[in-house]
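This report is meant to be read next to the sequence and the model. Please keep both in view while going through the text.

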Amino acid sequence: MIAVQVTDGTGEIFIGTRAGMSIRFEEGDVRPMGRTAYGVRGISLRDDDYVVAMEVVKPGTAAHCSP
């Protein structure tokens with residue numbers, strides 16, 4: 001795990017990888033889960049790739065990227 005952010009369910013999630021792959025999806029597309037859940041897969045990775053960034057993007061706002 002690289003990041004955890006509290007959201008209100010109305011934003012979009014952006015995930016980026018070291019190899020330059022990325023995905024952006026609405027929070028509403030992810031099913032709600034309880035405490036015992038293992039989570040959901042946000043992005044599929046190749047063997048030599050890994051996640052380097054995750055941001056919650058709010059509609060109507062500009063996102064920034066951390067170096």
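Predicted model: local features only at pLDDT ≥ 70, side-chain atom pairs only at ≥ 80, totals over all residues.

Residues are numbered from 1 along each chain as its sequence is written, and side-chain values use heavy atoms, with hydrogens and water left out.

**Fold and burial**

The protein has zero helices and three strands, and from the N terminus on its elements run β-β-β. Here helices (H or I, at least four residues) and strands (E, at least two) are DSSP runs, numbered from the N terminus. The strands are β1 (12-17) and β3 (51-57), together with β2 (22-26). Of the 67 residues in the protein, 16% are buried, where buried means under 20% relative accessible area, exposed over 50%, and partly exposed in between, with a 1.4 Å probe and protein chains only.

**Salt bridges**

How many salt bridges does a search of the whole structure find? The search finds two, a salt bridge being a side-chain nitrogen of Lys or Arg within 4 Å of a carboxyl oxygen of Asp or Glu. In one of them, aspartate 8 pairs with lysine 58, and the closest N and O atoms are 2.6 Å apart. Aspartate 8 lies in the segment before β1 and lysine 58 in the segment after β3, so this pair ties together parts that are 50 residues apart in sequence. Aspartate 8 is exposed, at 54% relative accessible area, while lysine 58 counts as partly exposed at 31%.

Another salt bridge joins glutamate 12 to arginine 24, with the closest N and O atoms 2.5 Å apart. Because glutamate 12 lies in strand β1 and arginine 24 in strand β2, the pair ties together parts that are 12 residues apart in sequence. Glutamate 12 is partly exposed, with a relative accessible area of 22%.

Arginine 24 is also 9.4 Å from glutamate 55, C-alpha to C-alpha, although the two are 31 residues apart in sequence. Glutamate 55 belongs to strand β3 and is partly exposed, with a relative accessible area of 23%.

Which backbone nitrogen lies 3.3 Å from a polar atom of the side chain of aspartate 49? That nitrogen belongs to arginine 18. For glutamate 27, a polar atom of the side chain lies 3.4 Å from the backbone nitrogen of glycine 9.

**The largest pocket**

The largest pocket has a volume of about 950 Å³. On a 1 Å grid over the protein atoms alone, a pocket is an open set of points where a 1.4 Å probe fits, with protein on both sides within 12 Å along at least five of seven lines, and lining residues have an atom within 4 Å of a point. The volume is the space filled by probe spheres set on the points, which are joined across faces, edges and corners.

The lining comprises 26 residues, of which Ala3, Val4, Ile15, Val40 and Met54 lie nearest the centre of the pocket. These lining residues divide into 18 nonpolar, five polar and three charged, where Ala, Val, Leu, Ile, Met, Phe, Trp, Tyr, Cys and Pro count as nonpolar, Asp, Glu, Lys and Arg as charged, and the others, Gly among them, as polar. Strands β1 and β3 each supply at least two residues of the lining, and the largest share, three residues, comes from β3.

Valine 4 is found in the segment before β1 and is exposed, with a relative accessible area of 65%. Valine 4 and valine 56 are 52 residues apart in sequence and 9.9 Å apart in space, C-alpha to C-alpha.

Methods
Polar contact = N/O pair within 3.5 Å; in protein donor to acceptor, adjacent residues only side chain to side chain.
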